[in-house]
Amino acid sequence: MTWGRMVCRRGAAPAAVPCDRPSGVRVPSTGMASLTFRTAGESHGPELIALVEGVPAGLAPDVAFMNAELRRRQGGYGRGGRQRIETDEVTFLAGVRQGRTTGAPIAIRIMNRDSRLDDPGRTPPLHRPRPGHADLAGAIKWLTDDCRDALERASARETAARVAAGTVASCLLRALDIECFGFVRGLRDALTTVEVTAENWRSMLEARDRSEVYCPDASASQRIIDHIRRAKVDRDTVGGWCEVHVFNVPIGLGSCVQWDTKLDGRLARAVMSIQAFKAVEIGLGRAVGGLPGSQVHDPIHFDAASAAARHLGYVRPTNNAGGLEGGMTNGMPIVVTGTMKPISTLLRGMPSIDLRTGEAGHSDYERSDVCALPAASVVMQHAVAFEVAGAVLEKFGGDSMRELRAHLDATERMARALRG
Ligand code: EPS
């Protein structure tokens with residue numbers, strides 16, 4: 001055994017920790033696993049599972065909130081018949097005792113009511129791959145002419161498990177007064193121009209929850225609905241844009257020292273991995289390519305009156321950076337935009353090939369949605385929350401929620417003391 005790096009955490013005296021690993025490998029000094037999740041389950045299998053590791057002890061997951069978010073994910077104008085069958089609810093199988101996390105891995109189950117995977121009559125093989133879906137690549141990858149296995153796992157049904165995992169992270173953030181707000185910005189030419197701020201987001205949330213398409217602007221909502229309705233009549237599909245804002249974020253989450261510790265990169269990966277997402281932007285996003293630096297970078301002001309806030313008084317009149325500079329949070333709200341492509345199962349089909357014969361024809365049709373953009377905004381909100389919660393735990397650590405809170409408060413006091 002060699003003696004590894006010096007570790008100093010929040011006011012504790014520096015201590016040498018035993019370490020068998022080469023320097024540079026991250027070894028959490030608390031013995032806590034970093035925050036991770038995995039999911040299992042097929043779209044028409046018996047159930048979905050989410051396994052979440054690294055949550056400190058003493059968090060009381062708000063099950064009513066988690067189930068409400070799962071219900072929101074099932075909803076939104078443009079959904080297909082499947083959501084009339086399912087009633088997604090979480091059951092904790094491990095890691096939670098008497099309503100509180102124990103620090104052990106958390107296993108969550110969501111039942112599939114439309115479970116029929118082993119019935120070939122009701123879940124027949126699919127031989128004509130749908131352009132845009134995982135069908136073709138999956139079939140060739142697993143050396144079969146039946147796209148069924150690939151599509152069952154590639155299906156966006158998996159996002160129910162992702163939301164279950166993400167809502168645990170959202171509960172952790174809420175316990176630290178960090179809030180995430182996700183909504184639909186729009187699709188095609190139906191976009192809202194509303195500006196979401198730390199001051200107005202709660203009223204935006206109320207407006208969002210009145211909208212059938214989760215957009216906090218009634219007139220844009222109607223135009224979005226019109227587009228979805230038209231796509232349905234045309235036997236076509238539509239995608240669009242979702243946005244997530246995170247408020248009351250401590251400064252310094254993430255890091256500038258290594259590529260994979262940059263929080264913007266981690267957010268991009270998390271959002272891009274959501275089914276059907278094709279682009280991710282932070283703050284101004286791709287628009288920065290068309291502007292000079294003087295119109296992109298956010299001036300730094302100091303406001304003594306707001307020095308008690310999480311941004312420690314370092315306010316920015318604009319937030320083009322979307323709350324992230326150098327891969328680290330800067331105290332301004334994190335702003336992430338995701339672009340979803342149109343659903344790839346079209347009632348009218350698309351040109352495709354029968355994998356058994358090579359014969360040209362139309363892609364097979366599976367029951368599907370015309371638009372799942374509102375649902376995707378829920379998935380994205382909790383995917384972002386998961387990454388932010390991971391970064392919070394990496395910076396402040398602790399095996400229990402009490403330690404985590406104490407570390408966060410102590411670090412903020414030290415940061416304030418820098419100003420003398
Ligand atoms: C999906 C196809 C549809 C969607 C599904 C995603 O499933 P089904 O073929 O059973 O109707 O409903 O989304 C969900 C089931 C869900 O819960 O979000 C696909 O091919 O990706």
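Buried means under 20% relative accessible area, exposed over 50%, and partly exposed in between, with a 1.4 Å probe and protein chains only. Y314 has a relative accessible area of 30%, so Y314 is partly exposed. The model is predicted: local features need pLDDT of at least 70, side-chain atom pairs count only at pLDDT 80 or more, and totals for chains, interfaces and linings use all residues. Numbering runs from 1 along each chain as its sequence is written, and side-chain values use heavy atoms, with hydrogens and water left out.

Start with the ligand. A residue is near a molecule if one of its heavy atoms lies within 4 Å of it. The residues around the ligand are H44, R73, R79, R82, Q83, H133, S155, A156, R157, R367 and D369. By class, this shell divides into 1 nonpolar, 4 polar and 6 charged residues. Here Ala, Val, Leu, Ile, Met, Phe, Trp, Tyr, Cys and Pro count as nonpolar, Asp, Glu, Lys and Arg as charged, and the others, Gly among them, as polar.

Next come the polar contacts, pairs of N or O atoms within 3.5 Å. An N or O atom in the side chain of R73 is 2.7 Å from a ligand oxygen. For R79, the distance from a side-chain N or O atom to an oxygen atom of the ligand is 3.0 Å. R157 also places a polar side-chain atom 3.0 Å from an oxygen atom of the ligand. On its own, the ligand has 460 Å² of accessible area, and the protein covers 93% of it. Accessible areas come from the Shrake-Rupley method with a 1.4 Å probe.

Now the rings. The structure holds 5 aromatic pairs. Rings of Phe, Tyr and Trp (its six-membered ring) pair if their centres lie within 6.5 Å; planes under 30 degrees apart count as stacked, over 60 as edge-to-face and the rest as tilted. W201 and F247 are stacked, at 5.4 Å centre to centre and 10° between the planes. This pair links distant parts of the chain, 46 residues apart: W201 is in helix α5 (residues 201–210) and F247 in strand β11 (residues 240–247). Helices (H or I, at least four residues) and strands (E, at least two) are DSSP runs, numbered from the N terminus. W201 has 7% relative accessibility, so W201 counts as buried. F247 is buried too, at 5%.

F302 and Y314 make a tilted pair, because their planes are at 55°, with centres 5.5 Å apart. F302 is in strand β13 (residues 301–302) and Y314 in strand β14 (residues 314–315), 12 residues apart. F302 is partly exposed, at 41%. One aromatic cluster is formed by F181, F183, W201 and F247.

Finish with the backbone. Most residues other than glycine have a negative phi. Q98 is not a glycine, yet has a positive phi of about 50°. Q98 lies in the loop between β6 (96–97) and β7 (100–101) and is exposed at 73%. N248, also not a glycine, has a positive phi of about 65°. The loop between β11 and α7 (263–272) holds N248, which is partly exposed at 33%.

Notes
Polar contact = N/O pair within 3.5 Å; in protein donor to acceptor, adjacent residues only side chain to side chain.
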